[in-house]
Structures are given as structure tokens and as C-alpha cells.
Amino acid sequence: MNIPPFQAAKPIESKDGLIAPHSAPNPTEACPIPSLLGNHSPQSKPFPLPRPMSIKPAKVQFAPNGAGCASRPPSKNPPPPNFYFNRRKTAPSVPKMLIQNLNSQNQENNPEFEKIPDLIKEIKLVRGNYIPDGAPKGEFSNDKELPIAKLHSILQQPQCFSKISENILKDLILLIKDNLSGHVPDIPKVYLYSDQNVSLTLSNWNEIQYIHKILLLVLRQASSLILAANFQADFIRNLFEFYNSPDFNERRSIDSIFTIFKEQFPDLQEVLFNECITRIHRHIHDNTSGYLCVGPALNYLNESFKSGNCEKPPTKELFESHILPLFSSLFLSHFYDQLSDICSLYYGIFDEIPHVSLHYLLNHWPKTNTDKQSLFVTHFAIIAPFISPNGHKHCANKLFYRLAHCIKGQNYKVVTAVLKVMSDASFLFLFSTFSDEIITVLYPELTKLSDFWSPDVVHKTQDIINKLKQMNPEKFEQIEDKTMEKKNASNSKATWESIALNAINLGEDFDHDIFAKELDKISFSSGGDSADDHMCPEKEIKQESTQETESETEIPTQNETKAEPEAQTDIPTETRTDNQNETDIKPESQAEPEPLAEPEPEPEN
């Protein structure tokens, strides 16, 4: 059923000449209706209408704010909305083009655009020094008073770059190049070789940060043709140098700038890839400089390999020449997370690289750097899942001997790293087929941690011992008995030594040397095999090399042994007897051989 839209009543003119809307007559008044009342004359009395029925007023529901509204049951077929009459008070929708035109008119009359050339000439930035975080950083109390801050506020206005001329834009780009090129100052050695990592900030970062913000505005709003003509490979190399800044805020800002470069300039991907390889190569051969840029370089290589945007795929030669040697470089803790990520990528692609990486870590073990030792142990757990089952037998022996020696040192940081790796049941499960060797090597050293000063270490040690027991209960009981026998024997020997010391203090005639000799004759049963009883594979290699050198110096024959005293007796031929001459004279075929030359020492690696 189509209901016509609502129409307002037509106004009528009253007797007084006023225009008023037509309203229905009052039902209480009399109304002559001849057609309905029959043939009545006009003089007849009007017919009275019946009184209207009393209608109850509708209930009123009051809102919380006090305004009431009459409740009405909803109709089953509500009328369609009236587009000509709407009681809602809505703001008029202003066209977007009109707003933009108004803004453009205001900007054309903006006098701040004329200040841009003067501000560019006024700006002269000088990098400050690196100071610990929290120290006073600048001379200006209010950053908005800086000329470069005023320039940034003007450039932030919408459509600013469309109003400035091309010459002003080139001057602005030249300002950016001059302040984002050059060498980053070296980190003071006091902070570089400190025991703890000191967070450093640039003393005038509140001023330098605006040049980074201006560069971001230029990259986002300037013309792509102008950007491509001014930002070439040289600028990329100079900008990458600022990754070596120890200020975290500056490195994060450089990272956001390179993100835009990678999105808008895909042609520079190869330049950035080569620069990352160059920075890594430079750090490997010169450990004292440029270590902070290694992390971003590894992160970029990892992202480019995963995304496939780089034309050069990951290769074994690149891993062995530029990635794996980073474990032996200085400041490994600053970029280990990025190095671990890219190594995991290589481990999943190539089957041989996990074995190569594990042998490299075992052969280049750091002897004095505890931070690097803990990182090596942590990386063992990353390599282990990628090693094939056939390769476990070649590396399990060396791996667990190294872990046992780490426990024996009882360095808290290294011991904690070892216990964290072995607490993972999946790590031990990978080498479950070699449970005899693992229990034989690890259990004697783990028992020595029972009286460690850290309760956390003692708790984790007991959990690992329980896991070893579950791996091979029979072998565990054998090693446990031998370890207890050896411990009891060492305790008894210590008891006898204490008795000797007490005897020395009591009697002056006690001969300690005789007691020591008798004490050595006592056989103390030594059970349990420790990491020292089983020679480390590295020591076996050294012992084999010494045996080879000894075999080169052969034992002299009987003729040579008889010729030795002759060379020692310097008796003149005139004083010798005939018997001496006859015995001493030898034919040329039996002449003494020349003494063996000493082997030249091998050059040290």
C-alpha cells in the first residue's frame, strides 16, 4: 500500500486579513450541514452535534534528563522516510574541494613561505659528542627557538612543497646532504670497553633530529624526478655510516629513512645490498670500528633473502666468508640476534651448513670472554635441530665434552647458559642414542654443582640429573656408584691429610715427608669418569700431533750409538795405539751419517 508523503495544510485567510493554517472546526460548536439534515430552511435552528467521547491521555515516559516524550506503539508498516522534511539537526556537508580551495587561498597569502630561503642560509649544524644518557644535552632551553625547528614547522604545512620553487627545493636537499655526510665520531674507549653496556646519546640530538625529519618530509612530498636526480648511490653510502652512531634514537631514525628509500627507489636495492656486504667485511677484518652497523646490515640481508627482492640469492660462499666469521669478531653481543636469524635461514636451506657452523664454534672457542661463551652455548641449541641424525655421531662427542668443561669452570653466566640449553628436553632427545656417552661425561660435573651458591642453579641441576636418569637408568646407576666411590676416596684422603697437619702441630719429631710417601702408597679407589678422565677431543688431536713429531726423530742404530763416544774422545792420531787405530778406522761405506737437522717450527696461525 503506497502512502502519499506528508503535505502541509494550505493556509487560509481569516476575517482579520491574517493568514493562518486551516484547522478543523471545534466539535463543540454547531455546524449547519443542509445536505445531511434534510430540507431545513436557513432560519431553522442548527442541529446539535453529539458530544465527543472522552479520550484518555497517553502515558508520558520521562527521560533521565527530565524531557518527556509520549510513548506510541510501533506500527507494523511504518511509513517511508520523508526526504523533504527531516526533523534531525545535522551539520551541512561542505564539499571537500571547497575546503581545499580555501586552504590554498590561505597558503598563498602565508608570509612564512618567504622565510624558507633565509632559514636555510641561517642553519649551521655541528655534531656534538656522545655522553651518557641523562646528562645535559643542549644549549637551547626551548627547541622551537632553533632555526631548523622553525624550518621544519613551515615545511609541515600542507601543500608546502607545491608552493616553493625548484631552486629552494634544491637548496633544501643540499642542506640535507651537507649534514648527513661524513664520518661518525668514534665512541670513547672509556665506554667502548666498559664492563657494562652504557647507553650513549648525542649531546645536541634535539637539534640534529630535525634534519632527519626534514628528509622524511622531502622523501614523502617532493617530486620523484627531483629525488631520483639528487639521491644517488653516494648518498646511500654516506647515510649508512650513521648506523654506527651509539645513539639509539638516531639509528632508529635512519632505519625509518631507509624504509622509505626501499619503497620508493627499488633501483637502489642492489646498492644497499653491496653496502651491507662491505660493512660486514670491514668489521671482520677491522674489529675496532663499525660494529653497530653490522646488525642493520644483517637484518636487511635477511629481509631481502626472505622477500626475494634481491637478485643475489643466499649462497654457501657468502655464508662461509661473511656471516660465519662474525662469531669470532668482537662485540658479538651487539648483533647476535640478527646473526642468529640469518643463520637459521641458512640452516633451513642448506644441509651441510649446520655441521660447518657447529665445528667452527667448537674450534674457535673463546677462552676468556664469558659473554661470547654463553652466546656460543645458546647457538648450540639453534644448530642442533637442523643436524641430520647421521651427523649426530660425528658431533655429539665434541659437543658434550665442551658443555662438561663449561660446567666445570663454574662461571655463573656460562653455567646458566648450559643449564638453560640442557633443560630443554628436546635438545637431549636429539642425542638420546648416545645416552651412555652423555651420562658418562655430564653426570660427574653436574654433581659438583650440588653445593653451588645460587639456589636457581642447584634446582635446574637436579632437574637435568632426573632427565639423564630417565634416558638410560642402567647406565645412570653405574656412573652414580662410581662417582660416589671417587667422592668418598677423595674425602678419606683429605681426612688423612688433616691428621698429618694435626700431628705436625702436636709433635716436633714428626717427619712429614715420610708420612707423605706412605700416604701416596695408599690406594684410593677412583671411580666415576669426569671430563678430565676422558680426554677432550682437542687434547687428543694435540697428542697425535706430538706423537707424529716424535716419530720423525728416529732412534739411532747400533752403529750410530758406537760412533757417539768416538766423537766425544778427542785423542790425537799420533798418541793413539795400533789397536785404537785399527778399531777406529772405518771404510767410507760405514762412515758416520750426517746428524738429522732439527725440524723447522711450524708457523703460528
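Guide: A salt bridge is a side-chain nitrogen of Lys or Arg within 4 Å of a carboxyl oxygen of Asp or Glu. The structure above is a predicted model, in which local features need pLDDT of at least 70 and side-chain atom pairs count only at pLDDT 80 or more, while totals for chains, interfaces and linings use all residues. Residues are numbered from 1 along each chain as its sequence is written, and side-chain values use heavy atoms, with hydrogens and water left out.

Visitor: How many salt bridges does a search of the whole structure find?

Guide: The search finds 11 salt bridges. One of them joins Arg127 to Glu250, whose closest N and O atoms are 2.9 Å apart.

Visitor: Which parts of the chain does the pair of Arg127 and Glu250 link?

Guide: Helices (H or I, at least four residues) and strands (E, at least two) are DSSP runs, numbered from the N terminus. Arg127 lies in the loop between helix H3 (116-122) and strand E5 (130-132), whereas Glu250 belongs to helix H10. These distant parts of the chain are 123 residues apart.

Visitor: Is Glu250 buried or exposed?

Guide: Buried means under 20% relative accessible area, exposed over 50%, and partly exposed in between (1.4 Å probe, protein chains only). Glu250 has a relative accessible area of 0%, so this residue is buried.

Visitor: Where do Asp234 and Arg237 lie, and how are they separated?

Guide: Both residues are in helix H9; they are three residues apart, so about one helical turn separates them. Asp234 counts as exposed because its relative accessibility is 55%, while Arg237, at 37%, counts as partly exposed.

Visitor: Which residue forms a salt bridge with Asp371?

Guide: Asp371 pairs with Lys413, and their closest N and O atoms are 2.5 Å apart. Asp371 lies in helix H16 (residues 370-383) and Lys413 in helix H18 (residues 412-422), so the pair ties together parts that are 42 residues apart in sequence. Asp371 is partly exposed, with a relative accessible area of 35%, and Lys413 is partly exposed at 42%.

Visitor: Which residues do salt bridges that share partners join into one network?

Guide: The network consists of Asp234, Arg237, Glu241, Glu275 and Arg279.

Visitor: Which residues form a negative surface patch?

Guide: Patches are made of residues with over 30% relative accessible area and no salt bridge, with like charges joined within 9 Å and nonpolar side chains (Val, Leu, Ile, Met, Phe, Trp, Tyr) within 5 Å. Here the negative patch is formed by Glu474, Glu477, Asp481 and Glu485. Glu474 is found in helix H22 (residues 473-506), and this residue is exposed because its relative accessible area is 63%.

Visitor: To what count do the aromatic pairs come?

Guide: Rings of Phe, Tyr and Trp (its six-membered ring) pair if their centres lie within 6.5 Å; planes under 30 degrees apart count as stacked, over 60 as edge-to-face and the rest as tilted. By this rule the count comes to 25 aromatic pairs. Among them, Tyr243 and Phe258 are stacked, at 5.7 Å centre to centre and 15 degrees between the planes. Tyr243 lies in the loop between helix H9 (233-240) and helix H10 (248-264), and Phe258 in helix H10, so the pair ties together parts that are 15 residues apart in sequence. Both Tyr243 and Phe258 are buried.

Visitor: Why is the pair of Phe400 and Phe427 tilted?

Guide: Their ring planes stand at 45 degrees, with the centres 6.1 Å apart, and therefore the pair is tilted. Phe400 in helix H17 (residues 389-409) and Phe427 in helix H19 (residues 425-430) are 27 residues apart, so that this pair links distant parts of the chain. Phe400 and Phe427 are both buried.

Visitor: Which residues form one aromatic cluster?

Guide: The cluster contains Phe231, Phe235, Phe240, Tyr243, Phe258, Phe261 and Phe265.

Visitor: What phi does Gln159 have?

Guide: Gln159 is not a glycine, yet its phi is positive, at about 60 degrees. Gln159 sits in the loop between helix H4 (147-155) and helix H5 (166-179) and counts as partly exposed at 40% relative accessibility. Gln410, also not a glycine, has a positive phi of about 55 degrees. Gln410 is in the loop between H17 and H18 and is partly exposed at 37% relative accessibility.

Methods:
Areas by Shrake-Rupley, 256 points an atom, 1.4 Å probe, with all protein chains shown as cover. Lys, Arg positive; Asp, Glu negative; His and termini not counted. Charge placed at Lys NZ, Arg CZ, Asp CG, Glu CD.
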